[in-house]
Amino acid sequence: MGLKAIARLAPVLVQYRTSAGEAADVHIFVADRDYEIMDVRETHSVAGASSSTLDVGVSASGTAPASLTTSLSSTFALDSTVNTPVQATLTATLGNRLMDKGEQLSVNITGTVTSLEGSVSVILKPIRNNSSY
């Protein structure tokens, strides 16, 4: 396997940052190949209102971010302690952590997040499905 092939298998870091008044359900990445979601972390310097949450998952093309298939076993609580990174527990259902080429990595935020300031980081592992390299 050459360097070019190894580079194709390097993990990909996707980050989404929210600023006060701008938090929204959004697609943050479109898969250029097949991936597996390996890690999701969230932190915020200003919390959202009580019971506000953030979910991360996969949406098919043409699907709204709020209709994602979750990749987490539970959502992030955006009203939790500030400046404390939280690592998600991923769902045990492998199919919910896989992204096919053309699918979208999405964020779904619920509750009142008017003043929320924070970020989400997702690590994707490329899936080798082409043995020609």
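User: Which residues does histidine 44 touch, leaving out those up to four places away in sequence?
Analyst: Histidine 44 touches Ala77, Leu78, Ser80, Thr81, Val82, Asn83, Leu116, Glu117 and Gly118. Contact here means heavy atoms within 4.5 Å. This is a predicted model, where local features need pLDDT of at least 70 and side-chain atom pairs count only at pLDDT 80 or more, while totals for chains, interfaces and linings use all residues. Residues are numbered from 1 along each chain as its sequence is written, and side-chain values use heavy atoms, with hydrogens and water left out.

User: Where is histidine 44 found, and is it buried or exposed?
Analyst: Histidine 44 is in strand β3. Strands (E, at least two residues) and helices (H or I, at least four) are DSSP runs, numbered from the N terminus. Histidine 44 counts as buried because its relative accessibility is 2%. The cut-offs are under 20% relative accessible area for buried and over 50% for exposed, with partly exposed in between (1.4 Å probe, protein chains only).

User: What does the side chain of histidine 44 reach?
Analyst: The backbone oxygen of serine 80, at 3.0 Å. That's a polar contact, meaning a pair of N or O atoms within 3.5 Å; within protein, one must be able to donate a hydrogen and the other to accept it, and residues adjacent in sequence count only if both atoms are side-chain atoms.

User: OK, histidine 27. Which strand is that one in?
Analyst: Histidine 27 sits in strand β2, residues 26-30. Histidine 27 is partly exposed, since its relative accessible area is 27%.

User: Which polar partners does the histidine 27 side chain have?
Analyst: A polar atom of that side chain lies 3.1 Å from the backbone oxygen of threonine 63. There's also a 2.7 Å polar contact between the side chains of histidine 27 and serine 106. Beyond four places in sequence, histidine 27 touches Ser59, Thr63, Ala64, Pro65, Gln104, Leu105 and Ser106.

User: How far is the C-alpha of proline 65 from that of histidine 27?
Analyst: The two C-alpha atoms are separated by 5.9 Å, with the residues 38 apart along the chain.

User: Switching to salt bridges. How many are there?
Analyst: Three. A salt bridge is a side-chain nitrogen of Lys or Arg within 4 Å of a carboxyl oxygen of Asp or Glu.

User: What does glutamate 36 pair with?
Analyst: Arginine 97 forms a salt bridge with glutamate 36, with the closest N and O atoms 3.2 Å apart. Arginine 97 lies in the loop between β7 (86-87) and β8 (98-99) and glutamate 36 in strand β3, so the pair ties together parts 61 residues apart in sequence. Glutamate 36 also forms a salt bridge with lysine 125, the closest N and O atoms being 3.7 Å apart. That pair links distant parts of the chain, with glutamate 36 in strand β3 and lysine 125 in strand β10, 89 residues apart. Together, Glu36, Arg97 and Lys125 are linked in a network of salt bridges.

User: What about aspartate 39, which residue does its side chain meet in a salt bridge?
Analyst: Arginine 41, at 2.6 Å from N to O. Aspartate 39 is buried at 10% relative accessible area, and arginine 41 counts as partly exposed at 42%.

User: Now the largest nonpolar core. How many residues does it have?
Analyst: It has 25 residues, and Val40, Val56 and Leu105 make the most contacts inside it. The elements giving two or more residues to this core are β1 (12-18), β2, β3 (35-46), β4 (53-59), β9 (104-110) and β10 (117-126). A nonpolar core is a set of buried Ala, Val, Leu, Ile, Met, Phe, Trp, Tyr and Cys residues joined through side-chain atoms within 4.5 Å.

User: Last one: how many aromatic pairs are there?
Analyst: One. Phenylalanine 29 and tyrosine 35 pair edge-to-face, 5.6 Å centre to centre with 75° between the planes. Rings of Phe, Tyr and Trp (its six-membered ring) pair if their centres lie within 6.5 Å; planes under 30 degrees apart count as stacked, over 60 as edge-to-face and the rest as tilted. Both phenylalanine 29 and tyrosine 35 are buried.
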